[in-house]
Amino acid sequence: DIPNGSIQTTSNDTGRSNYGTTNRTAEVNKYTTEDTPKPAASPRALSPDLLRGLLMVLQAIDHCSVSQGAWRHGVALESEQDGTIVTRWNDPVPWTARMLTHLCAPGFMFLLGMGVVYFGRSRSKLGWSSWQMVNHFAIRAFVLAAVNEVLFTLPFGRGRILILNIVLLALAVNYLLAGLLWLAINASEQSLSTLLESFYTSQTDDEVQQPLLQDETGHSSTKSVSAWAMRCSWHIHNGILLALTIITVAWNSWLSPHHGHCPHDTSPGYSGPTPPTNTGLGPWFDFWFLNFQNRLVISPFPPLAWLSPAILGLLYGRIVLARTWKAYTINASNALFGAFLMLLFVLTRLLHFGNLSENCLRMPEQLASPDQNQYLVSFRSFFYIIKYPPSFSYIAFTMSINFLLLAFFGALPEKLARRIPTLLTFGQSALFFYILHLLLYFSINIQVKKWFGHELDHIDPMTGKPAVGTEGKPAVMWITWLVGLAILWPLCRWYGRFKSTKGVNSVWRFF
């Protein structure tokens, strides 16, 4: 079993890393490596768990600071929303903290997609049918949605709101969609392979004097045809996943009511048309793709707007499972792909595409240089990215850092990696940590605000009253954050041991 969808790998003295064998590669090996000994049972790989654990720790910064009112939420004081004019930066410490926590949501979606591939492989080995996996994906998605309702909608909605979607509902929907997509790709891949093999076999039969594929003796080889057909099918389906990864982030720009551009004239006397705030296709459609709010629903995480990193995780999982890789190859590939994504991010700044914030930066530095590229007039302007919904530049930047972190963690010696405080423990009990840390920080900070809080100069969006917090006292926030992690670590360690005693069908493994 592979809890939380984590990679498992085997390393030996030659530095090779076995990420397991898919059904496809097992079939290819049947024709090409019949005498190769099977790899030994593999221990758990560490880098995905370490990355997940780090993201949990960073996420706790956001939730601790929000529940304590330690500072305004965002790199800019107004918003991080598509097509919203911003005029003031947050202070340096909260700006830096927010840039770090930007890694979390796309990183979780990516690891979710990767986990689907490893889950599917492990359950296939246990003999699960496709319908059993569909049933599992649906139940797990339901559990995530139910946790969202209990943690957010009931306490904060106070009976007035039916859905308050703070990321978990998006995770639930995308977990189900990623699972169904993985099953569809598996079935389609096998069908296409059979079709290609049949086509080329018939071609070979028709052209007896010139076989299409030959073995070492010069005779046509059915084995070679089968292996070639499976390789072609695998690459074609990887291409489909890559195309879907791009399409599902691009549609955030395509469906933007104002295509990510702010109006040029925002003076008090402006009487021109008001930019649209919806797609015009109805609230049901907008809920899935746009930041959505009405009297019954508040959803800053539209599920389908966040699907792209999950599909990228599916693609990544398929690739690392395709064969036995050297650890160096995987780490170097992660680093190179991270660098490639960072290059794409730089191009979004230079060429003005995929940003969802064109003409939206109205900081003093932009006003002083109105004819310059708005992203190039200051350091913070260059890294201003839109999260709601995620822009192409946001996904490129955050996933670049996540891939570089995967490369870093993968390069660490195993003994050193296991000694990094708390990260493995948190990474291997992620949903348990998520639930517990919200309850813990919101509870602790009720008392912290009584001791150290004061009335702030803005309105609390949840209560409609003047906000109360510890703004101006950052030491209080950081100490609270560390105390919370210290409390969470033994609890998550206990839970990890507890769930390891449960069977593969146990609901406890969902956490």
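The model described here is predicted.

**Overall make-up**

The protein contains 17 helices and eight strands. Of its 511 residues, 50% are buried. Among contacts with a separation of 6 or more, 74% are between residues 24 or more positions apart.

A cis peptide bond occurs between Tyr 388 and Pro 389, with omega about -10 degrees. Pro 389 belongs to the loop between helix H12 (379-382) and H13.

**The disulfide**

The whole structure contains one disulfide. Its partners are Cys 262 and Cys 360, with an S to S distance of 2.0 Å. Cys 262 is in the loop between helix H7 (222-254) and helix H8 (283-289), and Cys 360 is in the loop between helix H10 (327-351) and helix H11 (364-368); the pair, 98 residues apart, thus links distant parts of the chain. The torsion about the S-S bond of Cys 262 and Cys 360 is about 95 degrees, and therefore the disulfide is right-handed. Both Cys 262 and Cys 360 are buried.

**Packing of H4 and H13**

Two packed helices are described by the angle between their axes and the distance between the axes. For helix H4 (residues 104-125) and helix H13 (residues 392-411), the angle is about 65 degrees and the axes are 9 Å apart. This crossing of H4 and H13 is right-handed. H4 contributes Ala 105, Pro 106, Gly 107 and Phe 110 to the contact, while H13 contributes Tyr 394, Ile 395, Thr 398, Met 399, Asn 402, Phe 403 and Leu 406. By type, the residues in the contact of H4 with H13 are eight nonpolar, three polar and no charged.

In soluble globular proteins, nonpolar side chains tend to be buried together. Here the largest nonpolar core has 116 residues, and Phe 110, Leu 168, Tyr 434, Trp 481 and Phe 511 have the most contacts inside it. H4 supplies the largest share of this core, 12 residues.

Trp 481 is in contact with Val 57, Ala 60, Ile 61, Cys 64 and Tyr 441, leaving aside neighbours within four places in sequence. Cys 64 counts as buried because its relative accessibility is 0%.

**Leu 438**

Leu 438 is part of helix H16 (residues 430-452). Its relative accessible area is 5%, so Leu 438 is buried. Not counting residues up to four places away in sequence, Leu 438 touches His 63, Leu 151 and Phe 152. Leu 438 and His 63 are 375 residues apart in sequence, while their C-alpha to C-alpha distance is 7.0 Å.

Definitions and conventions:
Residues are numbered from 1 along each chain as its sequence is written. This is a predicted model: local features need pLDDT of at least 70, side-chain atom pairs count only at pLDDT 80 or more; totals for chains, interfaces and linings use all residues. Side-chain values use heavy atoms; hydrogens and water are left out. Axes are lines fitted to C-alpha atoms, for helices over the stretch in contact, and angles run from 0 to 180 degrees between N-to-C directions. Helices (H or I, at least four residues) and strands (E, at least two) are DSSP runs, numbered from the N terminus. A crossing is left-handed if the near helix is turned anticlockwise from the far one by less than a right angle, and right-handed if clockwise. Contact means heavy atoms within 4.5 Å. Ala, Val, Leu, Ile, Met, Phe, Trp, Tyr, Cys and Pro count as nonpolar, Asp, Glu, Lys and Arg as charged, and the others, Gly among them, as polar. A nonpolar core is a set of buried Ala, Val, Leu, Ile, Met, Phe, Trp, Tyr and Cys residues joined through side-chain atoms within 4.5 Å. Buried means under 20% relative accessible area, exposed over 50%, partly exposed in between (1.4 Å probe, protein chains only). A disulfide is a pair of cysteine sulfur atoms within 2.5 Å.
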